[in-house]
Amino acid sequence: MTTGTGHLAIDGLGKHYGGDTFAMRDVTLEVSPGEAIAVVGASGCGKSTLLRLVAGFETPTEGRVLLDGRPVTGPGPDRGVVFQDYGLFPWLSVRENIAYGLRERGVHRREALRQATEHAELVGLGRFVDAYPHTLSGGMQQRVGIARVLALHPSVLLMDEPLGALDALTRRQMQDELVAIRRRVGTTLVLVTHSIEEAVYLADRVVVMAGGASHGVPGQVSAVVPVDLGDRRDTAAPDFQGLAQQIGDHVHSPLPEQEDAA
Ligand SMILES: Nc1ncnc2c1ncn2[C@@H]1O[C@H](COP(=O)(O)OP(=O)(O)OP(=O)(O)O)[C@@H](O)[C@H]1O
């Protein structure tokens with residue numbers, strides 16, 4: 001269903017914005033096809049910078065990103081990006097919003113609308129294809145945002161706080177929805193989130209970043225924690241809570257360089 005296998009190799013990646021702002025440095029990470037990783041860490045540690053570099057929206061000042069063996073040099077159809085704000089066109093229906101990218105790629109209108117309907121169904125919006133965004137809840141709007149990206153069959157899905165604007169209950173439902181969608185499409189996923197619980201709920205591995213320009217130390221990976229909790233995860237279970245606690249401890253531990261700088 002996807003355009004490639006979705007193997008990401010992030011190699012010695014760094015971003016220096018100039019002056020003292022070394023957003024991130026020396027990030028090396030491999031993501032297997034179909035794997036889901038979540039990136040967590042304190043504000044300003046470079047999570048979004050990492051995602052933007054993988055998306056190709058920005059150019060690294062060090063290192064490189066390879067997707068299926070090819071260097072990332074800019075945005076491309078092999079990577080689909082979902083942000084917190086849904087970015088839907090208010091004057092287009094759900095179906096037309098999802099079809100938009102397909103039309104841009106030259107898919108004939110009828111075929112684009114057919115595929116859009118299919119993807120609306122994939123995210124549970126089959127009954128709402130003719131609705132306009134303002135009539136939908138936040139969770140439903142984000143489903144449209146996800147369907148729109150998936151319709152283009154990216155091999156990697158990049159999500160920056162996709163559920164951050166939702167209330168707690170809707171966020172919970174959308175987490176389940178994301179688990180279900182991933183099972184259906186099997187796309188490699190890189191998710192940036194502030195929520196450790198969300199990371200443990202959704203990911204195969206949690207990447208913890210620490211430091212960041214505001215701490216006088218470039219953001220970097222401080223831990224990579226595998227989530228061996230199986231497919232059906234219970235946030236209240238002791239092993240889930242234990243792992244979340246362990247990741248929380250990593251998030252709150254300063255890097256050795258930060259302690260030196262303090
Ligand atoms: N375009 C830019 N120009 C200069 N500095 C930037 C730019 N973008 C990000 N930074 C700086 O780089 C550092 C990392 O930012 P980034 O947004 O990646 O962090 P983050 O971990 O995603 O933070 P948050 O959790 O608050 O979203 C921050 O100090 C930020 O101020």
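Biologist: What makes up the secondary structure of the protein chain, and how are helices and strands defined?

Modeller: The protein chain has eight helices and 10 strands. Both are DSSP runs, numbered from the N terminus: helices are H or I with at least four residues, strands are E with at least two. This is a predicted model; local features need pLDDT of at least 70, side-chain atom pairs count only at pLDDT 80 or more, and totals for chains, interfaces and linings use all residues. Residues are numbered from 1 along each chain as its sequence is written.

Biologist: What share of the protein chain counts as buried, and what is the cut-off?

Modeller: Buried means 20 or more other C-beta atoms within 10 Å of the residue's own; exposed means 12 or fewer; partly exposed is in between; C-beta atoms are placed from the backbone. By that count, 42% of the 262 residues are buried.

Biologist: Why does Gly12 count as exposed?

Modeller: Gly12 has 12 C-beta neighbours inside 10 Å, so it counts as exposed. Gly12 lies in strand S1.

Biologist: Which residues does Gly12 touch, leaving out those up to four places away in sequence?

Modeller: Contact means C-beta atoms, placed from the backbone, within 7 Å. Gly12 touches Asp26, Thr28, Glu62 and Gly63. Gly12 and Glu62 are 50 residues apart in sequence, yet 6.7 Å apart in space, C-alpha to C-alpha.

Biologist: How do you know that S1 and S4 pair?

Modeller: Pairing needs at least two DSSP bridges between two strands. Five bridges join S1 (residues 8-18) to S4 (residues 62-67), so the pair passes the cut-off. The two strands run antiparallel. Asp11 stands opposite Arg64 in S4.

Biologist: What joins S4 to S5?

Modeller: Two bridges join S4 to S5 (residues 70-71), again antiparallel. Leu67 stands opposite Arg70 in S5. Their hairpin has two residues between the strands, and Asp68 takes a positive phi near 50°.

Biologist: In which sense do S6 and S7 pair, parallel or antiparallel?

Modeller: S6 and S7 (residues 156-160) pair in the parallel sense over four bridges. Gly80 stands opposite Leu157 in S7. From S6 (residues 79-82), Arg79 and Val81 point one way, Gly80 and Val82 the other, and all are buried. In a regular strand the side chains alternate between the two faces of the sheet.

Biologist: What are the domains, and where do their bounds come from?

Modeller: Domain 1 is 12-78 + 155-261, and domain 2 is 88-153. The bounds come from an automatic or database domain assignment. The C-alpha centres of the two domains lie 27 Å apart. Their contact takes 13 residues from domain 1 and 12 residues from domain 2. Helix H5 (residues 168-185) gives seven residues, the largest share of the side of domain 1 that touches domain 2.

Terms used:
Two residues are in contact if their C-beta atoms, placed from the backbone, lie within 7 Å.
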